[in-house]
Amino acid sequence: MTSTRSATIFAFALLAPALIYISIIVAYPLFDTVVLSFTNAQLRPTYDWVGWANYQRIFGAGNFTEIIIRTLVWTFFSVSIKMIIGMCGAVLLNAAIPGQTVFRILTMPPWIVPMAIGIYMWAWMYNGNFGMISGLLQNFGITNGPVAWLAYGHTAFWATIVTDVWIGVPMVTIYFLAAMQSIPKDLHEAAWTDGAGRFYRFRRITLPLMLPAIITMSLLSLIATFNSFDIIYILTNGGPSGQTTTMIIDTYKTAMGSRKYGEGAARAVVICIFVSIFCLVYFRAVRRLGQGEAK
Amino acid sequence: MSDVARTTEVAAVDSPALVKPQRKVKARSTRAMIDRYQWYEVVALYAGIAVFLFFVLAPFIEGFLVSLKPLAQLFSTPYSFIPKNGSFDAYFNMWNSVPLLGLYIFNSFFISTIVTLIVVAVVVPAAYAFARFNFAGAGLLLGMFLAVNMFSGAVLLIPLFRLMRGLGLLNTYFAMIVPGAAFLIPSSIWLLRTYMLRIPRELDEAAWVDGASRLYTLRRVILPLAMPGIVVVAIMTFIGAYAQQFIFALTFNSKSEFMPLPVGLFAFFGKQEVQWNELMAASFVGILPVMVVIVFLQRYLVAGLTAGAVKQ
């Protein structure tokens, strides 16, 4: 039934809507980005080929490498902190104590609420004169005088990371929690019978068995964080003086702010190359993990 | 070969259910003891959870308190966490300061609903094709769908903008709906395919033997059985569409009557000062319905999140 020609035709008929949709809305734009990156396209409808000029310009300008490094550092810290807090959260929510279900529900809001709304709330909290963080720190006497978190380069850099972590943590936590619960209970029981303590069991049973989940989530989170736009756009718009400008923000400003489509496309192509590398690593890791499981 | 694989698969699906009851009885006493905590461990756990949840919920707590404070108190020092003579005035005044607020909230739901309908309509047949037919290139095609998922709308903004302009969709609902749906399709296909793989193939084959057409089998045999999976996909899609409607709305639409809430809230950024209390009040009114629904559907959310786990 499955391998006849009519079955194949039927399968492609079922796939056709999804294929056509994705081809027009994602695959074609991906192709168009590459084409545009070799032109001087702007708002007007006609444009000329300029060869590698866009690439020469962005790599010649000097600050592009700086932006790439900043993006990688920003992403690295954000993903690492998400994984650590997510793991702590999963351990805490996995404990068999009253209130478990309620705590799990309370973890979800940052993930479910429109991202932009959560970010507005953070924007107010970071406000130097009237916001909660600066206000509470002053009330407790930890800092004397207001701290405008988004006004200085390095504090703004970390402030945007904290907000990104906040949005990502619920998903990581719930995902790790599910992975933790899929570990066979017998293993823990056997170790417990042999007198292994909680910490020892976590290090020797839970962590190794969760490794596939940790690797999968890190890579998925890496790709999502690398593409993060809303947070920095709303909180700092890349400022102050470019200290939080990541590659996505930079591309957006070039393309939508200055309407330099050609140059913006060249910057987008560089992002796509990075994403493709992450993608390859991800697929390879998933395949290897799958094989490991089969053996 | 595939028949052997199939029988083992079915056996694997059945076995836990058969083994479970016995194991449960045996394990209960051990598990009760393994889960017993010392008093200081319980204290540490609750303290840890309190810190964790404070981090997660702080913006909402602060946002709610801000919505109760009058603007004059907001912009005064020293900072006070608890509102003095707080009131719900902002919740009434906001409708006057931003007259289109109700429309923004409606737009948010409307856009997410249409996106969900499109995604489900496209994804159900595609997931079935991937789950049941071993046609040439199936693996490659599935991989391509997933790879597409990795490129965000933000990267493809320039050609998408040109495409939307070319199709004449700029400044319409569709400028937000069409690209919004595209980026949610791949992960939904993956999720539903995983679910459909668990439906025994014998059902399709029995229908086939009885002379049912393929389309009839899909409609009358598979769809009813896959309904729980489709519900999960629909919920995940709705959440995705609802949580991420910012960049397309910001870039592809400038008409205020079509704006969803996240962009519509810009209206509170007035000429001189930001109406923070009303902004927060509007945010809460806008997200409240979803929050309430989530409390009831959280089981599905967890299921959706974990089934999407790429494990194969």
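How many of the 312 residues of chain B count as buried? The share comes to 42%, where buried asks for 20 or more other C-beta atoms within 10 Å of a residue's own, exposed for 12 or fewer, and partly exposed falls in between, with C-beta atoms placed from the backbone. This is a predicted model, in which local features need pLDDT of at least 70 and side-chain atom pairs count only at pLDDT 80 or more, while totals for chains, interfaces and linings use all residues. Residues are numbered from 1 along each chain as its sequence is written, and chains are lettered from A and ligands numbered from 1 in the order in which they are written.

Chain A first. Of its 295 residues, 43% count as buried, and its C-alpha trace spans about 75 × 75 × 30 Å along the principal axes. Chain A has 13 helices and zero strands; here helices (H or I, at least four residues) and strands (E, at least two) are DSSP runs, numbered from the N terminus. Contacts in chain A between residues at least 6 apart in sequence join residues at least 24 apart in 67% of cases, a contact being a pair whose C-beta atoms, placed from the backbone, lie within 7 Å.

The UniProt record (an unreviewed entry) puts a "domain: ABC transmembrane type-1" feature at residues 68-282 of chain A. UniProt positions follow the numbering used here, feature names are shortened, and annotations may be inferred rather than shown by experiment. That stretch, 68-282 of chain A, is 76% helix and 0% strand, with its end C-alpha atoms 21 Å apart. Residues 209-235 of chain A are 89% helix and 0% strand, and the end C-alpha atoms sit 38 Å apart. Residues 265-285 of chain A are 100% helix and 0% strand, and there the ends are separated by 30 Å.

Helix H8 of chain A (residues 153-181) is worth a look. Its 29 residues should span 42 Å at 1.5 Å a residue, and its end C-alpha atoms are 42 Å apart, so the two agree; the expected span is 1.5 Å times one less than the number of residues. Even so, H8(A) has a kink of about 40° at A:Gly168, shortly before the proline A:Pro170. The bend at a residue is the angle between axes fitted to the seven residues ending there and the seven starting there.

Two loop residues of chain A have backbone angles to check. Most residues other than glycine have a negative phi. A:Ser241, however, has a positive phi near 40°, and it lies in the loop between helix H11 (230-235) and helix H12 (247-257) of chain A. A:Ser241 counts as exposed because it has 10 C-beta neighbours inside 10 Å. A:Arg259 is not a glycine either, yet its phi is positive at about 60°. A:Arg259 sits in the loop between H12 and helix H13 (261-294) of chain A, and with 13 C-beta neighbours inside 10 Å it counts as partly exposed.

On to chain B, which has 14 helices and zero strands. In chain B, 78% of the contacts with a separation of 6 or more are between residues 24 or more positions apart. Chain B is divided into domain 1 (24-87) and domain 2 (97-307), with bounds that come from an automatic or database domain assignment. The C-alpha centres of these two domains of chain B lie 31 Å apart. Seven residues from domain 1 of chain B and seven residues from domain 2 of chain B make up the contact. On the domain 1 side, helix H2 (39-68) and helix H3 (71-74) of chain B each supply at least two residues, and H2(B) gives the largest share, four residues. By class, that side of domain 1 of chain B has four nonpolar, two polar and one charged residues. Ala, Val, Leu, Ile, Met, Phe, Trp, Tyr, Cys and Pro count as nonpolar, Asp, Glu, Lys and Arg as charged, and the others, Gly among them, as polar.

B:Asn96 lies in helix H4 (residues 89-97) of chain B. B:Asn96 counts as exposed, because it has 9 C-beta neighbours inside 10 Å.

Finally, the interface between the chains. It takes 83 residues from chain B and 83 residues from chain A. On the chain B side, the residues divide into 64 nonpolar, 14 polar and five charged.

Conventions. Contact = placed C-beta atoms within 7 Å.
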